[in-house]
Amino acid sequence: MFKLQKSYIFRVLSVVVLIASANFNAVAQDVPHVKAAFSQDSIMIGDQIDLSITIDKDVAQVIVLPEITTAATGGKIEVLGDPKIDTLKLDGRKIILQAKYKITSFESGNYSFRQFPVLYVDKNITDTLFTDSLRLIVNTYQIDTSTYKISDIKARLDDPFSLDELEYYIKDIFSSVYTYVGLLVALLIAV
């Protein structure tokens, strides 16, 4: 009968564990990495900054970006339009993408953002990755009410009326069919 020595079994198990851990690390390295950051951590009311979500992934993996809207932020932070997506680096099968959302706020405060979910699909794996939590401070302007003086709106400047403007208005008026119909009706009434 064939007998196995303990040292041989230990070596075989060590190799199996090493191969399994190498495969586990290879699978773990294939998971995309996502990171979120603001271009500034504090702004004044009305300033616009970028919220960047950076994704380091394999070329074959499909990424679905989070839908960040004004309603999703509680209405305090306004998202201005759709994200602009850019490729930062392409190296073999690795690609680094960046999605930039333009945001602003018109209410002062200290706002915390939960983690943004990023969905990815790779072969038969579908998973959700989360970015880090973020914080944004929106500051307001301090107004000294003791020296503040309310002023009227400045009056309009009186520019002279030019013939070029008159010509523009006349062309605009006579470019419509309704003008000619109105003139014809007025002429019939006068006759």
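A residue is called buried here when its relative accessible area is under 20%, exposed when that area is over 50%, and partly exposed in between (1.4 Å probe, protein chains only). You are looking at a predicted model, in which local features need pLDDT of at least 70 and side-chain atom pairs count only at pLDDT 80 or more, while totals for chains, interfaces and linings use all residues. Numbering starts from 1 along each chain as its sequence is written, and side-chain values use heavy atoms, with hydrogens and water left out.

**Figure 1. The order of helices and strands.** The protein has three helices and eleven strands. Helices (H or I, at least four residues) and strands (E, at least two) are DSSP runs, numbered from the N terminus. Read from the N terminus on, the elements follow the order α-β-β-β-β-β-β-β-β-β-β-β-α-α. Keep this order handy for the views that follow.

**Figure 2. The largest nonpolar core.** A nonpolar core means a set of buried Ala, Val, Leu, Ile, Met, Phe, Trp, Tyr and Cys residues joined through side-chain atoms within 4.5 Å. The largest one holds 24 residues, and those with the most contacts inside it are F38, I53, Y101, I103, F113, F116 and L136. At least two residues each come from β1 (33-38), β3 (48-58), β5 (77-79), β7 (94-105), β8 (109-113), β9 (117-122) and β11. Which strand supplies the largest share of this core? That is β3, with four residues.

Figure 3. A salt bridge is counted when a side-chain nitrogen of Lys or Arg is within 4 Å of a carboxyl oxygen of Asp or Glu. The whole structure contains four of them. In this view, the side chains of D50 and K102 meet, with 3.2 Å from N to O. Because D50 sits in strand β3 and K102 in strand β7, the pair ties together parts that are 52 residues apart in sequence. D50 is buried, at 17% relative accessible area, whereas K102 is partly exposed, at 33%.

**Figure 4. A salt bridge between two loops.** Here E107 pairs with K76, and their closest N and O atoms are 3.0 Å apart. E107 belongs to the loop between β7 and β8, and K76 to the loop between β4 (62-64) and β5, so distant parts of the chain, 31 residues apart, are linked. Both ends are partly exposed: E107 has a relative accessible area of 38%, and K76 has one of 36%.

Figure 5. Why are E167 and K171 separated by about one helical turn? Because they are four residues apart in helix α2. E167 counts as partly exposed, at 40% relative accessibility, while K171 counts as exposed, at 55%.

**Figure 6. The nonpolar surface patch.** Patches are made of residues with over 30% relative accessible area and no salt bridge; like charges are joined within 9 Å, and nonpolar side chains (Val, Leu, Ile, Met, Phe, Trp, Tyr) within 5 Å. Areas come from the Shrake-Rupley method with a 1.4 Å probe, and for residues only the protein chains shown count as cover. About 1100 Å² of nonpolar surface is made by F161, L163, L166, Y168, Y169, I170, I173, F174, Y180 and L183. Look for Y168 in helix α2; Y168 counts as exposed, at 55% relative accessibility.

**Figure 7. A patch of negative charge.** D158, D159, D164 and E165 gather on the surface in this patch. Asp and Glu count as negative and Lys and Arg as positive, with His and the chain ends not counted. Each charge is placed at NZ of Lys, CZ of Arg, CG of Asp or CD of Glu. D158 lies in the loop between β11 (134-139) and α2, and at 70% relative accessibility D158 counts as exposed.

Figure 8. Y120 lies in strand β9 and is buried, at 4% relative accessibility. The C-alpha atoms of Y120 and V62 are separated by 5.5 Å, though the two residues are 58 residues apart along the chain. T54 lies in strand β3 and is also buried, at 18%. T54 and Q98 are 44 residues apart in sequence, with 4.4 Å from C-alpha to C-alpha.
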